[in-house]
Amino acid sequence: ASDCRVLGIKLATCVVLGQNDPAHEDDTESAAALLATLSGPVVELLGGMCANKDSAWDKSSPRAERAVLRSTAGSCLIKMGKMPHLEKSIKPPTFLAMARLVQDEEETVRTTFVRKLAKGTAKEHGKLPFRFAAMLALSAHDPKEAETCKMYLRHTVHLMRTLQRSKNWINVIPEHMLPWLVYLLANLPEHLDE
């Protein structure tokens, strides 16, 4: 059953990823409406899975199956985030749900998500918007992941500064990650009492 659900999530993501950028279509308005119709529910479902919401699960789903599905949902959202016309559909609540995967209870979910996050932001030179790198800072409480995430974050900041200097891009300054980090820290339940 787990494999079928994973394939279902991947299929839904592939359908959304297969939609062209509405800006490149002849009928931009209807293309944008189709994209919103397809991407909205998929992003909402994936965000619910990342947040581990009860509404996203079958009550009989075992814990291990939920971990696999959370990991798959996070990976699919990262794929969507790499597409400029789909990245906009990842609203702040979904962004927050994705960030929870950096602190997930299952180590495999954490490491897989952090690795894909670092690949999209740093190794692929910002294919995944740099705002997503703010999620890496949430690993500070985990001794196993903290050093790795610190290295990824430093690499990302170095890359952003290099891009800014070489191409004179004002929108890649590392300080643009700060509002997203503040949003994450202000809205994650673990940090609300602090």
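**Close-up 1. Arg70 and its salt bridge with Asp104 in the predicted model.** Arg70 is buried, with a relative accessible area of 1%. Salt bridges with shared partners place Arg70 and Asp104 in one network together with Arg63, Glu105 and Glu106.

**Close-up 2. The salt bridge between Glu106 and Arg63.** The closest N and O atoms of Glu106 and Arg63 are separated by 3.3 Å. Glu106 is found in the loop between helix 5 (92-99) and helix 6 (107-123), and Arg63 in helix 3; the two residues are 43 residues apart, so that distant parts of the chain are linked. Arg63 is exposed, having a relative accessible area of 54%, while Glu106 is partly exposed, at 23%.

**Close-up 3. The salt bridge between Glu65 and Arg5.** In this pair the closest N and O atoms lie 2.8 Å apart. Because Glu65 is part of helix 3 (residues 63-81) and Arg5 is part of helix 1 (residues 2-17), the pair ties together parts that are 60 residues apart in sequence. Glu65 is buried, with a relative accessible area of 12%, whereas Arg5 is partly exposed, at 30% relative accessibility. The count for the model comes to 12 salt bridges, the Glu65 and Arg5 pair being one of them.

How values were computed:
Residues are numbered from 1 along each chain as its sequence is written. This is a predicted model: local features need pLDDT of at least 70, side-chain atom pairs count only at pLDDT 80 or more; totals for chains, interfaces and linings use all residues. Side-chain values use heavy atoms; hydrogens and water are left out. A salt bridge is a side-chain nitrogen of Lys or Arg within 4 Å of a carboxyl oxygen of Asp or Glu. Helices (H or I, at least four residues) and strands (E, at least two) are DSSP runs, numbered from the N terminus. Buried means under 20% relative accessible area, exposed over 50%, partly exposed in between (1.4 Å probe, protein chains only).
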